[in-house]
Amino acid sequence: MKDFSLHLLDLAQNSLRAAATVISFNFDEDVTANRLVIDIEDNGQGMDPAATKKAVDPFFTTRTTRKVGLGISLFAAAAKRCGGEFTICSKPGKGTKLTAIFLLNHWDTPPMGDMAGTIITLIAGNPGVDFIYRHRRGKAEYRFDTRIIKELLKDVPISNPTVLAYLEEHIQKGLTQMEIL
């Protein structure tokens with residue numbers, strides 16, 4: 001994958017297939033420590049210990065339509081290739097949490113990519129799922145939570161094209177302002 005937004009899109013699909021109703025993406029950039037920590041957590045069906053161990057194997061998948069599952073293994077490999085680490089914690093009935101640590105200044109650390117477009121794509125295709133995106137860089141922080149937005153919208157669907165266009169602009173603006181600080 002050429003950027004983090006594509007990793008998120010792919011990994012969110014795993015969560016959606018596991019019947020998650022809440023998916024959380026947390027990015028924590030610590031320039032002083034030269035680390036980027038990414039946590040992706042869901043409340044899906046989770047995995048037993050045997051499946052959790054196999055999840056980083058590209059030749060393991062629970063899908064019946066194909067024989068490989070590359071999303072988690074590519075994300076784990078990217079972290080390790082960039083001098084970082086990868087962990088996965090999962091419990092049946094409780095969900096799954098992936099944590100990847102990247103060295104910020106490593107030449108193989110992918111760029112962020114189109115985070116706003118990825119989040120909007122996930123919302124548009126899955127309006128019944130809640131997505132939480134938090135990105136912290138030093139003291140600057142941007143938060144986005146569809147649960148709050150749905151509450152404000154009341155009877156207007158979050159998948160309404162006008163709403164989606166506004167939300168994408170809001171996310172892009174929030175992330176840009178965070179970069180300036």
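L70 counts as partly exposed, at 40% relative accessibility. The model it sits in is predicted. L70 belongs to helix α3. Together with M1, L6 and L74, L70 makes a nonpolar surface patch of about 310 Å².

**Helix α3**

Helix α3 covers residues 70–81. Its 12 residues reach 16 Å from the first C-alpha to the last, close to the 16 Å expected at 1.5 Å a residue. Which residues of α3 are buried? They are G71, I72, S73, F75, A76, A78 and A79. The cover over these buried residues includes a helix, α1 (4–17). It also includes three strands: β2 (35–42), β3 (85–91) and β4 (95–103). Just after α3, G83 takes a positive phi of about 75°.

**Salt bridges**

How many salt bridges does a search of the whole structure find? The search finds 6.

| Pair | N to O distance |
|---|---|
| D28 and R136 | 3.6 Å |
| R137 and E29 | 2.8 Å |
| R147 and D145 | 2.7 Å |

Take D28 and R136, whose closest N and O atoms are 3.6 Å apart. D28 is partly exposed, with a relative accessible area of 26%. R136 is partly exposed as well, at 27% relative accessibility.

R137 and E29 form a salt bridge too, with the closest N and O atoms 2.8 Å apart. Again the pair links distant parts of the chain: R137 lies in strand β5 and E29 in strand β1, 108 residues apart. Is E29 buried or exposed? E29 is buried, because its relative accessible area is 9% and the cut-off for buried is under 20%.

The side chains of R147 and D145 meet at 2.7 Å, N to O. The partners carry unlike labels. R147 is partly exposed, with a relative accessible area of 41%. D145 counts as buried, at 14% relative accessibility.

Salt bridges also join residues into a network. Which residues does the network link? R134, E141 and R143 are its members.

N34 has a phi near 60°, a positive value in a residue other than glycine. Its place is in the loop between β1 and β2. Strand β2 is part of the cover over the buried residues of α3.

K154 is another such case, with phi near 55°. Where is K154 found? K154 is in the loop between α5 (146–153) and α6 (161–180). K154 is exposed, because its relative accessible area is 68% and the cut-off for exposed is over 50%.

Key. Residues are numbered from 1 along each chain as its sequence is written. This is a predicted model: local features need pLDDT of at least 70, side-chain atom pairs count only at pLDDT 80 or more; totals for chains, interfaces and linings use all residues. Side-chain values use heavy atoms; hydrogens and water are left out. Helices (H or I, at least four residues) and strands (E, at least two) are DSSP runs, numbered from the N terminus. The expected span of a helix is 1.5 Å times one less than its number of residues. Buried means under 20% relative accessible area, exposed over 50%, partly exposed in between (1.4 Å probe, protein chains only). Contact means heavy atoms within 4.5 Å. Patches are made of residues with over 30% relative accessible area and no salt bridge: like charges are joined within 9 Å, nonpolar side chains (Val, Leu, Ile, Met, Phe, Trp, Tyr) within 5 Å. Accessible areas come from the Shrake-Rupley method with a 1.4 Å probe; for residues, only the protein chains shown count as cover. A salt bridge is a side-chain nitrogen of Lys or Arg within 4 Å of a carboxyl oxygen of Asp or Glu.
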